[in-house]
Amino acid sequence: MGVHGVKAVFFDLDNTLVDTAAAGRRAIEEVLPLDPCLLKVINALQSKHHYGEGEARVICDKVQAKLLKECHDPSKMCITDLRISHWEEAIQETIGGEANRNLAAECYYLWKTTRLQHLTLAEDTRGMLTELRKGVRLLLLTNGDKQTQREKIEACACQPYFDAIVVGGEQKEEKPAPSIFHYCCDLLGVQPAECVMVGDSLDTDIQGGLNAGLKATVWLNKAMTTPVDTSPVPHYIISSVLDLPAVLQKMEHKINLCSGTDHMASSNE
């Protein structure tokens, strides 16, 4: 599949190609007595602090909230320490008393391992990427801590589907800075006006693509509910990443129409 004028497509990773949010929720749910591998954590909460499943769920809910509001500066703290702190704070906020770093670390590593196990690149997504790559170059562009993102990439085994993979945490600037998009263009030997950015974040993926002067931005809006103030404005909106080939075809059709109009104008002259 080739698209006239488009030589490369950049894909976001989290909640675009893989459902990271769902994997995280499932991991949180499994830090409960439902999974025999995790009984040790719950037993510790029950035996040491005399709390049961209800309290364990409160702890997990608190961790989930902390993850959603997380702001990580790798120059000040590694991601592992930060996330162990989330569990430590959640446990202390729920049961009181002294902080329990060891129990927090145990909970974190169980959650992390489980989340990675649930991160998968769906078969239909793999098929789409394989077809797209026959006509355009593909690049994975993800923000985030380099260790965390590289672990996700390895877990979902997406490397074979891309010509290059760029992790924001390994660069001087992350999305939406134009520099990281221009770095991606240089890697593939293409111009910004020949590239399309696909992602679920208006603030990083779409704004970044606009900042860098890419040919088009495609916003993955699974809920298909438009915010009151949609800013920045993407060129295209899709509800599933599998809708991308249709968008690229639409782009090609528009380009062909414009080319035809230009040709007619030249002939008339």
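This report describes the backbone, the pockets and the aromatic residues of one predicted model.

## Basis of the report

Residues are numbered from 1 along each chain as its sequence is written, and side-chain values use heavy atoms, with hydrogens and water left out. Because the model is predicted, local features need pLDDT of at least 70 and side-chain atom pairs count only at pLDDT 80 or more, while totals for chains, interfaces and linings use all residues.

Most residues other than glycine have a negative phi, and most peptide bonds are trans. The bond from K175 to P176 is cis, with omega near 15°. P176 belongs to the loop between β3 (164-167) and α8 (178-188). Helices (H or I, at least four residues) and strands (E, at least two) are DSSP runs, numbered from the N terminus.

Two residues other than glycine have a positive phi: N15, near 65°, and A157, near 50°. N15 sits in the loop between β1 (8-11) and α1 (20-30), and A157 in the loop between α7 (146-156) and β3. N15 counts as partly exposed because its relative accessibility is 22%; A157, at 40%, is partly exposed as well. On this scale, buried means under 20% relative accessible area, exposed means over 50%, and partly exposed lies in between (1.4 Å probe, protein chains only).

## The largest pocket

Rolling a probe the size of a water molecule over the atoms shows where empty space is left. On a 1 Å grid over the protein atoms alone, a pocket is an open set of points where a 1.4 Å probe fits, with protein on both sides within 12 Å along at least five of seven lines; lining residues have an atom within 4 Å of a point. Grid points are joined across faces, edges and corners, and a volume is the space filled by probe spheres set on the points.

The largest pocket has a volume of about 1,100 Å³. It is lined by 34 residues, and D14, L67, E70, R83 and K152 are the closest to its centre. Helices α1, α3 (53-68), α4 (79-95), α5 (101-118), α7 and α9 (202-211) each supply at least two lining residues, and α7 gives the most, with five. The lining has seven nonpolar, 14 polar and 13 charged residues. Here Ala, Val, Leu, Ile, Met, Phe, Trp, Tyr, Cys and Pro count as nonpolar, Asp, Glu, Lys and Arg as charged, and the others, Gly among them, as polar. Domain 1 (8-18 + 120-259) and domain 2 (21-118) each give at least three residues to this lining; the domain bounds come from an automatic or database assignment.

## The second largest pocket

The second largest pocket has a volume of about 250 Å³. Of its 19 lining residues, L17, V18, D19, T120 and A122 lie nearest its centre. α1 gives the most to this lining, with three residues, and the lining divides into nine nonpolar, six polar and four charged residues. Domain 1 and domain 2 each contribute at least three residues here.

## Aromatic residues

Rings of Phe, Tyr and Trp (its six-membered ring) pair if their centres lie within 6.5 Å; planes under 30 degrees apart count as stacked, over 60 as edge-to-face and the rest as tilted. By this rule there are three aromatic pairs. One of them, Y108 with W111, is tilted, at 6.1 Å centre to centre and 35° between the planes.

Y108 and W111 lie three residues apart in helix α5, about one turn of the helix, and both are buried. Together with Y109, they form one aromatic cluster.
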